[in-house]
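Here are a few friendly notes to read with the model open beside you. Take them one at a time and find each part as you go.

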Amino acid sequence: MAAGRTSSTGKVRDHGPDRTVLPAAVASGEYKIGGPNSPELLARMFPVTGTDANVSQNFVDGRISGELMTLPGGPLSLAVGGELRQEKMSIKSTDNIMNAEIINRGSLLIDGSRDLSAVFMELNAPVLKSLELNGALRYDKAPGFSGHVSPKLGARWTVTPELMFRATTAGGFRAPNIPETLGQVGVTGFFNNTKDPKRCATATEVRNILKGGDKADQNDAATAYNSGCLTSVPAMISSSSDLKPETSRSITLGMVLEPVKNISIAIDYFKIERKNEIAYRDVPYVLAREDQPGYSDKLKRNEVSITDRRLTDRANALKPGANLAFTSGSIQSLMLSYENFGKTESSGIDLDITGRFGDSSTGKITVGLATTIGLKLRSWDVDANAYRPNTIGLYQSPRVTSVLSAAWNQGPWTVGTRVNYVSGTALNSDETDFDSFGEAACRRDITDTLPCRIGADWRTDVNVAYTGIKNLRLSMIINNVFDQQLPIDLNGGYKLRPRTMKVGAEYKF
């Protein structure tokens, strides 16, 4: 039996522009551009903002196991157990954010607790020397929801010492967490680089015309395009008291073989389906359906701005007869909420190869290759009542991820390296943003020179450890040893990946 408590208390502090004080100080001349300005004025213009958080979890769990009888393959074993868990969460933004006094800062207020409980049993049955079955049941209970039983059944068949087949099928359960059900003020943030379907076509035409104007027009071309095709959408994601628990079912089928001594190869196929998945609707999906029932009340737009009119007027002057005009203003806010959004289906193949060589005189070498090949990743379209297209190979869903590792150990020395690989992907995330980030759209609207796909990514890390001094362990880790930069990403923007080194010493006494 075990019991414990984990807790975390923290404050995050920053400075944000005051919605009233800052523009008033600039307009009155009290704030002097280029300075000097008093610390008191700057403190009023950019007051302290932040978030206070207090999160804790108390738990107790226990397990009893034993042998029931002897089967042809060995003892029939049974294990039973249970757990109790209490979760508490209190997260609140500072009052100036809660009162909407700070520009472009979203507020957050979550305050709640819940008690969770579970019991389980597991039976392991070696029915034959070569065949072992494993079964388990788990019962979960969360406040406000009926109890749920999750089953698991596994089998392992050893054909020869060099060949073994295995399979599992299982169910899963997850109750909505505290932020998803008890948040009093939703998480607020910005979805950047978003296509606005009501503005992008006009923004693109204005951009194309302004590119042929003078230097000022050329600078405005990017402003026009970004205002409709790469815009930033402020959104609030609120909790919901109507959520149902998520459930899942999974299957795996695979085999492990040892073609030669000290080299093993494991190949497994997996398929996972999650139902009643808790999520919020994708922003591009909502924007594409803005005028449909159930979606129009989720958006609020600004009026067409002075800048919008200036850009279209200039484009019309450069190209008489174009008659361009924005018919919709920019998005002021987007209201989303957590909901049971249907289901997600994923499948793929895991490949794991391990080899061991050498001896104590020359050093022992371990080499491994762990690879996941994605086959399918589909989300549910709640309106069409059908799965949306497969997203494997699209943005943030690479088809192949792989880690090649090697380690040499002799006496007190251990030296290792890891080569991480992620295959290239398209720029678009799914079918809703193909017109913005598909390869043809990229070449037409974004660039003629930069890559319209994200290339494959490689990163190499090395580590060294020495334990030749009693009770002392010295270590060094260098991540990205060859300073390999991330591939160009025209969708997510540039991200720096520096070479880093960490040196450590651990002494036990």
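Predicted model: local features only at pLDDT ≥ 70, side-chain atom pairs only at ≥ 80, totals over all residues.

1. Residues are numbered from 1 along each chain as its sequence is written, and side-chain values use heavy atoms, with hydrogens and water left out.

2. Look for the hairpin formed by S11 and S12, with 2 residues between them. In its turn, Asn-262 has a positive phi of about 75°. Strands S11 (residues 246–260) and S12 (residues 263–275) run antiparallel and share 12 bridges; Ser-250 stands opposite Ile-272 in S12.

3. Which strand does S12 pair with over 13 bridges? The partner is S17 (residues 343–359), again in the antiparallel sense. Here Ile-265 stands opposite Ile-353 in S17.

4. Now turn to helix H5 (residues 200–210), where 8 of the 11 residues are buried (buried means under 20% relative accessible area, exposed over 50%, partly exposed in between, with a 1.4 Å probe and protein chains only). Among the buried ones are Cys-200, Val-206 and Leu-210.

5. The axes of H5 and H6 (residues 215–229) come within 8 Å and cross at roughly 170°; axes are lines fitted to C-alpha atoms, for helices over the stretch in contact, and angles run from 0 to 180 degrees between N-to-C directions.

Technical notes. Helix = DSSP H or I, 4+ residues; strand = E, 2+ residues; numbered from the N terminus. Pairing = 2+ DSSP bridges.
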